[in-house]
Amino acid sequence: MAGRIVFFGELLLRLTAPGRELLLQSGHLDVHVGGAEANVAVGLARLDHETAMVSAVPTNPLGQAAVSALRGHGVDCSAVQRREGRMGLYFLTPGAGLRASEVVYDRAGSSFAEAPADAFDWPALLRGASRLHLSGITPALGPATAAAAIAAAEAASALGVPVSFDGNYRARLWESWDSDPKAVLTKLVGHADILFGNHRDVSLLLGETFHGDGPERRREAAEAAFAAFPKLRLIASTARHVDDADRHRIAARIDTREGEHQTDEVVVAGIVDRIGAGDAFAAGVLHGLHIGADLDWTVRAGLALTCLKHSLPGDASLFGRADIDAFLSGELDVRR
């Protein structure tokens with residue numbers, strides 16, 4: 001499928017405690033540029049796809065640094081607006097051993113969060129696009145971004161541009177304002193042909209309880225989602241079992257209306273950074289779909305990128321097509 005893939009979401013700076021320290025333990029922080037939608041855009045750009053980011057950043061060096069970082073990976077940032085306000089931030093304390101990672105958000109009142117819904121000319125922004133990608137983080141930021149995300153999805157549907165949506169439910173963000181996540185997310189998923197989400201996302205959307213303990217139960221949730229959302233044709237998800245901060249077991253699956261494609265579980269040990277692994281998975285799945293690969297290969301490509309992302313500091317997958325091929329072939333020796 002040719003044509004650029006358009007992404008709508010906030011660009012963030014991630015401030016991370018170095019090594020395995022607690023936040024501000026030594027007074028030093030590592031800085032990375034991130035954001036759920038931007039991570040997928042970078043991941044796909046590194047896989048030689050044409051990607052474009054729609055967002056808003058402040059008119060200061062922080063905003064420019066974020067845009068420059070995306071451009072450095074090949075993402076078109078011509079539709080990233082410069083507006084008054086501040087840069088969205090989040091702070092990460094990496095986990096270690098039996099201590100889980102922890103995120104602290106500092107993004108209220110950012111240039112993106114305060115941008116009105118009518119600041120984005122979607123018919124122009126989506127002209128010639130092959131897909132619009134959204135996530136549940138954007139509408140969670142507040143009423144303005146919720147309205148903007150819905151406007152984007154509605155415009156894409158009117159123009160015949162497919163929409164992919166990543167649930168990315170963030171309770172702390174939704175709870176920070178008088179929100180109705182079920183209503184907003186239901187509207188957005190109603191426009192999507194691809195959903196990145198699991199049984200928990202489906203439970204939220206449908207107001208029912210689904211369990212993810214086994215392929216049969218996950219299939220039950222998928223079939224309920226297909227019944228509720230007529231446009232939906234594919235659901236992609238991962239299942240993660242956390243042994244400790246350094247060792248996880250991950251499997252992936254794709255559900256369609258006709259059936260499912262399930263991978264074996266992979267042990268991911270020696271974890272460097274797990275943030276952005278879900279975005280890497282989305283990039284791998286969209287890559288497979290856009291090059292016309294079969295669904296068995298596509299779900300394994302998504303799993304490959306999510307596993308590889310655990311080896312890399314920062315938010316985004318920076319791997320290319322050769323890296324997917326090497327992972328799928330089991331090649332772990334030095335490539336010379």
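User: Why is the contact between aspartate 243 and arginine 249 called a salt bridge?
Analyst: In this predicted model, the side chains of aspartate 243 and arginine 249 come to 3.2 Å, N to O. The cut-off is within 4 Å, so the pair counts as a salt bridge.

User: What makes aspartate 243 partly exposed?
Analyst: Its relative accessible area is 33%. Buried means under 20% and exposed means over 50%, so aspartate 243 falls in between. Arginine 249, with 26%, is partly exposed by this reasoning too.

User: Why is the pair of aspartate 315 and arginine 14 a salt bridge?
Analyst: Good one to check! Here the N to O distance is 2.8 Å, so this pair is also within the 4 Å cut-off. The two partners come from distant parts of the chain, 301 residues apart: arginine 14 sits in strand E2 (residues 12-16), and aspartate 315 in the loop between helix H12 (295-309) and helix H13 (321-328).

User: What makes aspartate 315 and arginine 14 buried?
Analyst: Aspartate 315 has 3% relative accessibility, and arginine 14 has 2%. Both values are under 20%, so both residues count as buried.

User: How many salt bridges does the rule give?
Analyst: The count comes to 16.

Terms used:
Residues are numbered from 1 along each chain as its sequence is written. This is a predicted model: local features need pLDDT of at least 70, side-chain atom pairs count only at pLDDT 80 or more; totals for chains, interfaces and linings use all residues. Side-chain values use heavy atoms; hydrogens and water are left out. Helices (H or I, at least four residues) and strands (E, at least two) are DSSP runs, numbered from the N terminus. Buried means under 20% relative accessible area, exposed over 50%, partly exposed in between (1.4 Å probe, protein chains only).
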